[in-house]
Amino acid sequence: MIGLVIFGIIALIAVIIVQLSKVSDLASAIKGEESARLQSNNRTAFWLVIFMIVFLVFCVVSALYYKNVMLGYGPLTSASEHGGKIDGLFNTTLIATGIVFVLTQILLFWFSYKYREQKGHKPVFFAHSTQLELLWTGVPVVVMTYLVVSGLFVWNDSMADVAAGEEVIDIEATGYQFAWDIRYPGPDGKIGTKNFRLIEPGINPLGQDWSDEKNIDDFMASDIVLPVGKKVRVSINSKDVLHNFYLPHFRVKMDAVPGLPTYFVFTPTKTTEEFRQQLKDYPEFQVPFDDIDPEGPQRWEMFDFELACAELCGKGHYSMRKVVRIVEQEEYDRWLADQSSYYMDNIRNTDDDPFKGELLGFEIGRRKNSLKNEFIDIVDSDSGEGTINLEYVFFDTGSANLKDDSKYELDNVVTLLNENPEVIFELGGHTDSQGDDASNLSLSQARADSVASYLAGKGISNDRFTARGYGEAAPVQDNDTAEGRQANRRTELKILSKKEG
Amino acid sequence: MAELITTYDTDVILAEQGYDDKFHEHHHGDKYQSGFIHHYIFSMDHKIIARQFLMTGIFWAIIGAAMSIIFRIQLGYPEESMAWLKPLLGKWIVVDEAGIGTLAPEFYYALVTMHGTILVFFVLTAGLSGTFSNLLIPLQIGARDMASPFLNMLSYWFFFLAGVIMFYSLFISTGPFSGGWTAYPPLSALPQASTGSGTGMTLWLVSLTLFVVSVLLGGINYVTTVLNLRTQGMTMWRMPLTIWAFFVTAILGILSFPVLASGFFMLIFDRSLGTSFFLSDIFIEGQALDRVGGTPILYQHLFWFLGHPEVYIIILPAMGIASEVLSVHARKPIFGYKAMVLSILAIGFLSFIVWAHHMFMSGVNPFISNFFVVFTLIIAVPSAVKVFNWITTIWGGNVRLNSAMLFAIGFVSMFISGGLTGIFLGNSAIDIQMHDTYFVVAHFHIVMGVAAFFGMFAGVYHWYPKMFGRFMSETMGKIHFWGTLIGAYAIFWPMHYIGMAGVPRRYYSFDSFDAFKHFTELNKFITIAAAVVFVIQLLFVLNFFYSIWKGKKMTSRNPWEATTLEWSTPIEPIHGNWPGNIPSVHRWAYDYNKDEREYVPQYIPMVEGEEEDH
């Protein structure tokens with residue numbers, strides 16, 4: 001019904017306009033073609049000038065009204081090092097083109113008015129002028145040369161890669177329909193290799209190649225967190241279609257191309273908190289963040305830098321948001337310390353782990369420290385007694401043969417015993433409750449013995465220790481679960497006391 | 001100097017001075033003008049084909065503009081129910097239990113994609129260049145028709161077929177293609193990436209491949225006709241600027257569209273034959289694709305190798321038309337004719353070595369961008385020369401401010417406004433921030449959308465009498481002009497600010513981002529302006545069709561007192577254009593107020609002592 005009414009109104013307006021046109025045509029026929037035309041010409045010329053004035057005023061006024069969204073001015077000044085130069089170039093160009101814009105629009109409309117058709121006016125025959133044409137070829141050439149040269153400096157500066165030996169934080173962003181995954185390199189500072197064929201949703205979302213040790217400490221982050229003032233290189237990847245890694249506040253933008261990793265290097269110059277302080281002074285940021293809650297925090301307080309997608313990637317293109325937090329170095333270090341490796345949390349010793357059942361270099365190093373701490377704590381304690389579980393002593397299944405990897409733990413034990421020659425101890429073998437008691441007892445004894453003979457072979461005197469098999473008699477956890485049984489199969493170093501003397 | 005004749009009896013002059021090409025000794029009638037079907041449908045007459053291109057262009061312009069209104073409603077009024085559009089859009093409007101209708105994001109992107117494709121190819125390429133190249137090339141160079149009227153007819157019908165297929169794709173269940181008019185793979189190559197990339201994309205590719213055929217058939221014809229069928233005395237340096245523009249446009253089309261076609265073929269192969277020209281390392285829908293070794297950037301190179309010349313294919317005809325209309329209605333020669341021709345040639349040449357400025361942020365080596373920045377910004381120089389020459393053409397004239405002239409002036413204004421923002425975007429450093437924001441949307445809509453439309457309108461109002469023997473209503477024309485001029489600036493000017501704030505284009509909704517969502521008032525304003533401008537364009541359509549039957553009749557052959565040859569043909573158009581001899585040409589196209597004579601048509605011989613001064 002409403003549609004019908006609207007259609008009716010439009011039809012009516014159309015009829016009125018057609019009739020008006022007819023009337024004005026008739027009127028001109030009565031007045032005489034020429035005088036009617038000249039009259040209308042004068043009117044139109046007048047309105048061209050009015051339009052020009054209103055238009056130019058509108059341009060200036062609207063620019064002043066929206067000055068706070070412009071680059072290099074007001075609240076949204078760039079938060080990165082190269083961004084300031086881009087903003088500067090933008091404003092140089094704005095001034096140059098602004099002058100040309102105003103002058104040419106004025107000339108265009110003013111000439112149209114001034115030289116409107118008038119009776120008896122004889123136009124000038126002015127077909128060309130070499131001087132004039134050279135002038136307005138030459139002036140643009142000079143202006144453009146200036147803009148091109150300064151533009152190219154900013155460009156090559158902004159796109160420069162990290163110089164050899166320069167410190168940089170490498171992170172990786174991977175776009176997919178319709179979100180981003182952010183990966184940090186972990187303590188080694190190196191991002192591990194990946195391969196799209198290894199991607200398994202929920203298990204290995206990026207297709208990290210776990211046989212690459214660089215992957216072991218890599219972690220995924222829900223926000224992009226970066227320290228202020230440090231150079232960052234974002235490696236930009238895509239899993240499926242084109243995306244674009246766009247950080248509007250940092251003047252960073254680069255396509256994410258499947259099969260062709262790109263990168264962008266930039267240095268944040270303001271922390272999120274500093275940027276909030278920068279926004280605080282502007283009225284448009286002093287409004288409630290959430291309209292429904294007028295008493296709640298204001299816009300500037302809730303401000304966050306944002307990552308957006310700027311290359312059409314499908315129906316969810318408009319929703320690929322991530323928060324970017326720029327923090328002081330100390331806070332960044334604290335944050336880093338809280339992150340845990342994706343591999344260790346999700347992959348280690350699962351079937352996907354190529355190192356399943358093997359010790360990794362950093363695990364050995366870490367264990368060396370914790371073993372030493374445990375050992376010294378016991379030795380320094382009042383009683384001087386205590387038990388250490390030798391976590392990294394492994395045997396072949398159902399046998400007393402030590403696996404090669406056990407040597408790290410045992411060599412550490414040897415070192416500690418040599419440093420503390422007064423310590424005497426017992427080696428205890430333990431099993432879980434599977435199988436019959438007698439064979440468990442003999443297996444645990446055999447295992448304790450093979451550890452004892454390894455230590456003896458490394459020069460630890462026989463009179464400092466005994467080896468004893470406990471079988472399944474002393475479980476530390478419930479034997480009903482696999483984890484419990486795993487914990488119960490163990491070798492213990494029980495420090496008895498300090499040797500006399 | 002001999003006494004000057006200031007009024008001309010064309011027939012007498014043509015009979016005495018014209019060139020007898022023996023045209024009327026042959027029999028042509030059956031093939032061309034006999035019967036309704038041969039006359040109006042499968043016509044080989046360039047004047048009919050021009051009208052076919054124009055009317056098809058108008059049809060597509062209405063469809064494309066209506067689409068933009070729907071997606072503008074989504075952007076301006078995202079909270080409002082769109083349930084009232086359900087009868088039109090069907091399942092693409094999702095109505096919830098409360099009766100609130102929402103536009104599906106898939107269809108929003110389909111509308112944006114179709115709007116771009118339709119406007120760029122069907123309206124501003126076929127509708128603009130197709131119309132005026134066909135109408136004016138034979139008439140203004142003094143030819144009986146195109147070099148190959150049959151290929152010319154095929155050119156239209158391939159375009160028509162392309163249109164039918166594209167139109168059909170709007171109604172299929174998975175929707176039309178929705179990956180942007182540039183159709184970048186992998187989004188366009190993989191049906192699993194988007195519903196629109198299935199059948200919709202297949203139809204899009206078939207349609208545009210047919211369109212390429214149409215452009216090539218037309219282009220070959222235009223170039224051949226300009227080179228071979230100019231009448232006696234019509235040297236290249238005497239051709240009107242319209243012809244120069246159409247000529248260079250056709251060359252650009254011939255050289256660039258085949259490259260697009262090759263990109264399309266590779267895309268078709270990737271889609272259906274399992275090749276990997278544009279695909280590598282893709283994991284989609286839970287599956288790693290066994291397609292490696294290609295690169296999506298190759299497609300972008302191929303696409304923009306057409307895509308950039310394409311914007312000049314759109315704007316050059318508008319420039320040619322504006323030059324002609326400005327000169328005729330200012331009653332002055334175009335200023336700096338040779339500089340204008342050289343600028344067209346320079347722009348045409350440069351358009352082939354700037355394509356990667358669309359790709360600064362696409363992952364191409366940043367070093368390469370240095371060259372593209374330099375070449376891109378050089379284009380500002382010939383463009384500036386043209387603008388200053390147009391303004392100087394108006395200077396000192398006796399300007400008739402009729403609808404055609406107003407649109408030509410509006411064209412110059414738009415070309416300045418949109419051209420200057422190109423200087424920002426062509427500088428790759430600024431493009432880091434501006435790329436794919438609303439600043440780009442504002443730039444290209446003003447410089448090649450609105451400006452090209454202004455050129456087209458100027459041409460329609462100016463040559464309407466030549467096409468239909470009647471005039472369009474001046475009153476309606478002026479309302480149309482003012483509404484469009486003010487409205488177009490109202491739509492696109494504010495987009496610069498939104499773009500400077502960093503808001504990306506092609507966003508269905510801005511709500512997710514605090515940085516982008518605070519322009520609701522401005523977005524509403526733009527939407528209202530767009531709706532008003534749309535209604536005003538309907539007024540143009542009304543004027544156009546009303547005037548075909550009811551417009552003021554043309555009573556003299558040369559109502560604008562112009563110098564070019566099309567105005568020496570009879571009011572009632574005939575096959576072969578001139579009933580007797582074709583005119584021979586003695587001067588350039590811009591002898592306005594050269595001496596006591598107000599204007600001197602090109603077919604008037606030089607009088608004794610007169611010099612060709614330009």
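Reader: Which residues have the most contacts inside the largest nonpolar core?
Author: Ala322(B), Phe411(B), Ala451(B) and Ala458(B), in a core of 284 residues. A nonpolar core here is a set of buried Ala, Val, Leu, Ile, Met, Phe, Trp, Tyr and Cys residues joined through C-beta atoms within 7 Å. Buried means 20 or more other C-beta atoms within 10 Å of a residue's own; exposed means 12 or fewer, and partly exposed is in between, with C-beta atoms placed from the backbone. This is a predicted model: local features need pLDDT of at least 70, side-chain atom pairs count only at pLDDT 80 or more, and totals for chains, interfaces and linings use all residues. Residues are numbered from 1 along each chain as its sequence is written, while chains are lettered from A and ligands numbered from 1 in the order written.

Reader: Which helix gives the most to this core?
Author: Helix H6 (residues 105-141) of chain B, with 22 residues. Helices (H or I, at least four residues) and strands (E, at least two) are DSSP runs, numbered from the N terminus.

Reader: And what does Phe411(B) touch?
Author: Ala318(B), Ala322(B), Ala451(B), Phe454(B), Gly455(B) and Ala458(B), leaving out residues up to four places away in sequence. Contact means C-beta atoms, placed from the backbone, within 7 Å.

Reader: What does the second, separate core include?
Author: Its 16 residues include Tyr392(A), Leu410(A), Val423(A) and Leu493(A).

Reader: Switching to the contact between the chains. How many residues from each?
Author: Chain A puts in 88 residues and chain B 98 residues. On the side of chain A that touches chain B, H4(A) gives the most, with 14 residues.

Reader: How does that side of chain A divide into nonpolar, polar and charged?
Author: 52 nonpolar, 21 polar and 15 charged. Ala, Val, Leu, Ile, Met, Phe, Trp, Tyr, Cys and Pro count as nonpolar, Asp, Glu, Lys and Arg as charged, and the others, Gly among them, as polar.

Reader: Chain A overall: how many helices and strands?
Author: 11 helices and 14 strands. The radius of gyration is 39 Å, well over the 23 Å that the globule rule gives for 501 residues, so chain A is more spread out than a compact globule. That radius is taken over C-alpha atoms, and the rule is 2.2 Å times the number of residues to the power 0.38. The C-alpha trace spans about 130 × 60 × 45 Å along its principal axes.

Reader: What share of chain A is buried?
Author: 32% of its 501 residues.

Reader: Last one, Glu561(B). Why is Glu561(B) classed as partly exposed?
Author: Because 16 other C-beta atoms lie within 10 Å of Glu561(B). Beyond neighbours within four places in sequence, Glu561(B) is in contact with Glu598(B) and Tyr599(B).

Technical notes. Contact = placed C-beta atoms within 7 Å.
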